[in-house]
Amino acid sequence: MSTANTLAATAGGVSENHGSLHIGDLEVNFFDSVEERGDFPPIVLVHGTGGSTRSHFSFLFPMLAARQRVVAVDLATPQGPPEEGTARMAEQVQAVIEKVLPARPVTLAGYSLGAVVAATAAGARPDLVGGLVLMAGWLKTDAQQRLRNDVWHALRQSDAAALRRYQAFCAFSAPLLAMLSEGEIEALVASFRTDDVMAAQMEINRHVDLTEIAPKITCPTLIVAGTDDLMTPFRQSKRLFGAIADARYTEITSGHAMVVERPAELVHLIAAFNADPNEYPAGATLPARRP
Amino acid sequence: MPTSTPDALRDVSVIIVGAGFSGLGLGIQLRRRGETSFVILERADDVGGSWRDNTYPGVACDVPSPLYSYSFRTNPDWSRMFAPGQEIWDYLRTAAREEGLEPHLRFGADMLEARWSETDHRWTVRTPQGEFHGDVLVAATGHLTDIKLPEVPGLDTFTGELFHSARWNHDFPLDGKRIGVVGTGASAIQIVPQLAEIAERLVVFQRSAPYIQPRRDRDFSEAEKNLFRRDQRTVEEMREMLFWYNDSRFAARRLVDDFLAEAMWQALSHLEKQVPDPELRATLTPDYTIGCKRVLLSDDYYPAVQKPNVHLEAAALERVAGSTAFSASGQGFELDVLVVATGFETYDLPSSYRIFGRAGRSLADHWSNGMQAYNSIATAGFPNLFLLNGPGTSLGHNSVIYMIEAQVDHLLAALDWRSAHGGRVLEVSSEIENAFARRLDEVAAETVIIRGGCSSWYLDPRNGRATLSWPDFAHRFRDECAPFDPAAYDGDERALRV
């Protein structure tokens, strides 16, 4: 992973420890803010497709670590059948939790593919997970998502420049893109990189199916959907809301890239949920935030 | 108020002191709840607080207007993203009128003294308009209201015209004059481009250079305003986007490397683009970490200081003799006018010398080691006193109106609780107040306010504490300080949420 050594050594009074463990021939890296602050459970963050702790959680990690311990996993991409990909990744998350935060409930927060992985881990090992946050996740890959996935793969074969533009177009909300200058759009487009690892993760994305696992999730769960998400449309989050027993639901005005578009609102949601997961009952839609 | 009719509001449940954003915001919420037993005492002759007082040329907000307004009274009519001061003042005056506050307002009613009575458990406020009695006293007196003049020898003997930016003398013609502006803060950088247009010579006394980022201001078109009127959700969505964007800027204040670098780049690339001369650029480059002082927004300040009739003096004003103003570098400037834009009394509030709680102790005395309050709203020894927009509320990255609204929510819940409990007196213990203050000090110690290497108006120079600041996300203030927990007022430290 390109991220391991580039994460800032200190950020906002938070120093991060970097560690790794091995599962088979995969090396799994993780970061740990170490310091316990307050009485809240530690939060474990799991990034999304093509991402890393650094690229997806450069805001959430240090800002959440201001008030509680945070551990973030850099997923290693498994070989083998894509149908089993999320289960293999969930095992990595479980292993990190058992190594770093043994014998205590954690709040597991996943974003995008990380949400699918986190849900899988929570269903497989309810003993490890005291609370679950699923940001821009999905229940089962549907035809709209497969269509997008088709275009992604086709562009990767034929036109790398177009693929970058397509990724920017899909990741961010229309209102955000509309505000940017030409230079800012180009900078955004240039920031997208694809490689074989991401292609393998896109193949895993094609085969996600949590319908068997979701009913096994018993902990309090917060589901966060982006209103303008083209990649995992909010209706997918609503399907999770229906499938997980102790779930509550909220939307933020954002595209799929909510960790970049609305990071402070995510800090608010995750921190408030971690402080009191049952502030809103199972089945509740959180009240609209009107700052 | 004709003196022949007795004032029905001499004796009320709530006395609000100040008719700025805080006092009016609370008044509106009380009216909307059908409360009538409250009076708003205002020392001036109109509502509006800072937006009434600051009428200097170029005065405008530096928080986007869709956000710098009440959430419960969005305004589709702002002319632009950063509305001129006059529009904000008009907004407040209209709000006061349309929300039915006029019967509750008493003008020329300067709080000369507010005193808690141990015998009848009520507050008495003495004003030039007579005495007012109330169960609860709300100090909505603000912290950017009482002007601060620099302690400069000879300033009072200056033979030219002298005034503070918040007390602008519009009767004095400035065209073709030799003008000095003291300070380079939020007011000065709005004033300087205006005066540069008309002064024969303009001297800007800069003690320390501010960080300035692009303003990104723009007009709202008629079509946009019409949409705002037809679909209120559009205004709210813009407001929400601005709020959460601004709140994300707190990561830089907390010194998270990537975001700090981004904020620095936004300011320094703006400077580089606008100021080609490396020597002048060096003079305009701050010597502390961005965010330690207020970050300013301007597109016309740097161009203004490069005009041939403008001189940027990279030294503070040190003394004045006759019509000559000398800077700390020893250079003297012959001036017709001195505009003092050095800000306000922020850490040692004049209003605190006029409020007397238990045993006749003044709030200023209680705050001799720096002002502080449980939840930024309640102090030990001052029963039934609530502070709006006082200690621990100032922000460098988001809208203070949001903070005020969170405090109003706490206060309304406190009033409800009192009503439901036989009008019980609400007072926090010193332990609760100190525990809250210690916690804020700890959080502030990890932010640029303490670690940024500057002296700012956020800090109390008597002790180095950031007593004015809320050192966290704005949203966390609502999460932690808006809820009312009676246990805290009973001395239960577990009720502390920070």
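**Notes on the model**

1. B:Y458 has a relative accessibility of 3%, so this residue counts as buried (buried is under 20% relative accessible area, exposed over 50%, and partly exposed in between, with a 1.4 Å probe and protein chains only). B:Y458 sits in the loop between α14 and α15 of chain B; helices here are DSSP runs of H or I with at least four residues, strands are runs of E with at least two, and both are numbered from the N terminus.

2. On conventions: this is a predicted model, in which local features need pLDDT of at least 70 and side-chain atom pairs count only at pLDDT 80 or more, while totals for chains, interfaces and linings use all residues. Residues are numbered from 1 along each chain as its sequence is written, chains are lettered from A and ligands numbered from 1 in the order in which they are written, and side-chain values use heavy atoms, with hydrogens and water left out.

3. What does B:Y458 touch, leaving aside its neighbours within four places in sequence? Its contacts (heavy atoms within 4.5 Å) include B:C292, B:K293 and B:R294, a further group of B:S394, B:L395 and B:G396, and also B:I449 and the residues B:R465, B:A466, B:T467, B:L468 and B:S469. For B:R294, the C-alpha atom is 8.9 Å from that of B:Y458, although 164 residues separate the two along the chain.

4. B:H410 belongs to helix α12 of chain B, residues 400-420. With 1% relative accessibility, B:H410 counts as buried. Not counting residues up to four places away in sequence, B:H410 touches B:Y374, B:N375, B:I377, B:C481, B:A482, B:P483, B:F484 and B:Y489.

5. The whole structure, over all chains, has 26 aromatic pairs. Rings of Phe, Tyr and Trp (its six-membered ring) pair if their centres lie within 6.5 Å; planes under 30 degrees apart count as stacked, over 60 as edge-to-face, and the rest as tilted. The ring centres of B:F250 and B:F473 are 5.3 Å apart and the planes stand at 55 degrees, so this pair is tilted. B:F250 is in helix α7 (residues 250-253) of chain B and B:F473 in the loop between α14 (448-451) and α15 (474-481), so the pair ties together parts 223 residues apart in sequence. Both B:F250 and B:F473 are buried.

6. B:Y374 and B:Y489 are both buried.

7. One aromatic cluster in chain B is formed by B:F21, B:W51, B:Y68, B:Y70, B:F72, B:W78 and B:Y91.

8. Is B:D156 buried or exposed? At 74% relative accessibility, B:D156 counts as exposed. B:D156 is placed in the loop between β6 (130-139) and β7 (161-164) of chain B.

9. Chain B as a whole has 16 helices and 18 strands. Its radius of gyration is 23 Å, which agrees with the value near 23 Å for a compact globule of 498 residues (taken over C-alpha atoms; the globule rule is 2.2 Å times the number of residues to the power 0.38). Of the 498 residues of chain B, 58% count as buried. Among the contacts in chain B with a separation of 6 or more, 72% are between residues 24 or more positions apart.

10. Chain A has 12 helices and 10 strands. The radius of gyration of chain A is 18 Å, close to the 19 Å that the globule rule gives for 291 residues, so chain A is as compact as a globular protein of that length. The C-alpha trace of chain A spans about 50 × 45 × 40 Å along its principal axes. Of the 291 residues of chain A, 56% count as buried.
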